Amino acid sequence: MKKITFNSLHRSLSILLLLTLLFIAKAKALTLPIGFSQVLVASGISNPTVMTFSPDGRIFVAQQNGQLRIIKNGVLLPTPFVTLNVNSTGERGLLGIAFDPAFNTNHYIYLYHTLLSASNNRITRYTANGDLAIAGSDTVILNLDPLSSATNHNGGTMQFGPDGKLYIGVGENANGVNSQNLNTNLGKVLRINSNGSIPSGNPFPTGNTQRRSIWSYGLRNPYTITFQTGTGRLFINDVGATTWEEINDVTAGGLNFGWPASEGNSNDPAHTDPLYFYGHGTGSGLGCAITGGTFFNPATTNYPASYMGKYFYIDYCGNWIDVLTLNPTVTRANFGTAIAGSPVSIVTGPDGNLYFASRANGGAVYKIIYTPTTGGNVILNPTADAYVRNGTFGNDNYGTAKSLGTKTSSGTGATYQTYLRFDISSIGSNVASAKLRLYGYLNNTNVSTATVRVYNVTNNTWQESTITFNNKPAAQTTVLASTNVNGTTKQYYEWDLTQHIISLKNQGATSVSLMLSNLTVTASTRVIYNSKEMTTNKPQLSITTSGPRFENNDAVVNEEITPGFTIYPNPAVDHFNIKFADETPHSKLQIIDLQGKIIQHVILNGNIEETISTEGMNDGIYFIYIDERKNLTGRIVVKR
C-alpha cells in the first residue's frame, strides 16, 4: 500500500472520486460518543499495515517497507524488532503478524511478507530476544503460491485460534478465478499448524497441500481476521470491488463466499452470504474498503457495559468506526466519524481500549479512551480463587484448578464451597452498582436448578495455593445474595453485592473475600464455574461508579462550591497552584478522578497559595476537594 493506497488497495475507482472522498472525510470534525476521545499513542510509523499486542502488552506495528516496530510503555522504540527485505510495490510488503500461543516460553513471532523478488508471499517465524529478533532465527513456515505481475489483493492477516492453529487470510492476487480454485491458496482462509504442516479437521482432507490447507474460500482480499474471546467465533473482513464490503463469519470450515460470482448476498445456494455488508459512498455506514475489525470482549474495561460483545470495524476511505450488535439480530450503528485518516487494523487492547493505526500524516497509532461523565464501569478479576471439599478431601488444595464448584451433600467428600478474593482498592467510594458474575452451569440434569448463596469472609489473608476445607476462613452467616443456576448451558450468573461493597468501601476496605455454597442439597449435582486460571470468561466483580455531573464540560456549580479561589495554570503540566482569596486556613486537599478514586491526598500548609504536583496523574479531568470533600473547590485538567 502506497500513500494513496485506497486506489491500489482494493479496486479501480477513479483517483478523482477517491480524493473527493478523502477531502470530505477530512473536512468533518472528529465525533465520538459522549465521554470518548481519540488519543495519540505514537507517531512516526511509516505506512503501517497491521498492528497487534504481544502477550506482554507491547504493541507491534508492521510498516509496509518491512520494518516491524514496537511501541513499549507508550514510546515508539527507535530500533525495529526486525527489518525484512520485502517488495513493497502496490499492496505488497510486510502485511501480517501473529504471536505463538506459547510465546511466553518459546518467543516465536510469525510474519507474512512479500519476498523482495515478488515471486510469492511467505510466512516466516522469528525468535524474539526482548525487543529484538535473534539474528539468524528466521525459519520459513510456508511459501504461498506464486504471484502474478498484479501487486494488489495480497491479504496478509494471521491469528492463532483457540485450537492452537494458525489461520491466514490470503488475497486472490487480483485474479478472481483463484478464489474458486481449490488447488491454490490464493483467495482463501488457510488453517495450518505452527510448523506449516496440515492439521486434521480441515474441510478438504485430500488432494495437494494447498487444497488440504484451506479453511474457507471464495474470498477477494481478506485483509483482517479476528477471533472472539470466549466463543472462538471467527470473522474475516473481505475488501470488496465496486459495490460491497463484507464481514464474513468463517467459524465453520469449508464455506464458499462466492467471489468472483457474487459480492454481498448471493442467489446461489452454494454460496454463503456475509454476516453483514455495506455499500460504497459517503453517507452514514458507507465507505470503500473495510480494513479492520475487532470483537470487544476485554477482560477489563471502563467502557460502558453496553459495548461488551460488540464488533467494531473501520473503513479506510470513510475514516469512521462503526459497531455491530450481533444478538439477537445483527444491527449497525456509527461509533466515530472523521477519525485519524486512512485507518487500518483496529484491535482491542489489554487495557480495555480500542486501538487503530493511521497511514495519514506520517503514520501513527491511536487509542480510543473513555472518560465517564456520570461514573463508569470497572470489571475486576479475582486476585485469588479456589474451591474446597470436605471429608477425606478436607486437606486437599484446588487453588490452581481451571474450575470452581459448589455443592451441598450429606455424602463424605461431596460438599464443595468456592472462595474468591477481589482487590477493590482502585474503586472509589461512589459505588452505584456491584455485581459478582460467575460463568457456570449444572454438571448434569438430575435437578433443574440449584440456588447458590454468597457470604462475606472477613479474613483476606488466605491464599489460593494453600486453602483447604480444613483450614478455610470462616464465612459470616448473613446471606449477601442468592441466584438460581438453571440447566447445563454455560453462561454468566450474577449476584447483586451493591450494598455490601458500598459498606466495605465506607469502612476503608481494600479487599473483599466471598464464599459461595449451594442451598439445594443433591447427591450428585454441583455447579461448576470457570476460575481465574481459565483464559476466558473468568470470574468478575463488575462495579459501576457514579461521578460528577457535567453540563457543557463544566462541573455543575451549586451552593457547596467554595468561592474565592483561583486554580492555575489550567490545563496543568507538572504542577498547578491554588490561590485563596482570603487567609482562611485549609488543612487537607483531595484530588479525585472521574471514577471517584482518590489520586492524591495532600496535607496543606495553611498558606494563601499552595503548589500541587501532578505526579502520578494521567492526562484527564480531576476534581479538587478541600477539607475531605466537604467543599468542591473546582476542576483541573492535566494535559502533558
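Which residue does a disulfide join to Cys288? In this predicted model, the partner is Cys317, with a distance of 1.8 Å from S to S. Since a disulfide is taken here as a pair of cysteine sulfur atoms within 2.5 Å, the pair qualifies, and the count by this rule comes to one disulfide. The link of Cys288 and Cys317 is right-handed, with 45 degrees about the S-S bond.

The two cysteines lie in distant parts of the chain, 29 residues apart. Cys288 sits in the loop between strand 19 (276–279) and strand 20 (290–295), whereas Cys317 belongs to the loop between strand 21 (311–315) and strand 22 (320–325). Buried means under 20% relative accessible area, and Cys288 counts as buried because its relative accessibility is 0%; Cys317, at 5% relative accessibility, counts as buried too.

Four strands form an open sheet in the order 12-13-14-15, and their pairing is antiparallel. Strand 12 (155–160) and strand 15 (214–217) stand at the edges of this sheet, and each has a single partner strand, so one side of each is left without a neighbour in the sheet. From one strand to the next, the twist averages 15 degrees.

Strand 14, which covers residues 188–192, runs antiparallel to strand 15 and is joined to strand 15 by three bridges. Within this pairing, Leu190 has Ile214 of strand 15 as its bridge partner.

Methods. Residues are numbered from 1 along each chain as its sequence is written. This is a predicted model: local features need pLDDT of at least 70, side-chain atom pairs count only at pLDDT 80 or more; totals for chains, interfaces and linings use all residues. Side-chain values use heavy atoms; hydrogens and water are left out. Two strands pair if DSSP finds at least two bridges between them. Axes are lines fitted to C-alpha atoms, for helices over the stretch in contact, and angles run from 0 to 180 degrees between N-to-C directions. Buried means under 20% relative accessible area, exposed over 50%, partly exposed in between (1.4 Å probe, protein chains only).
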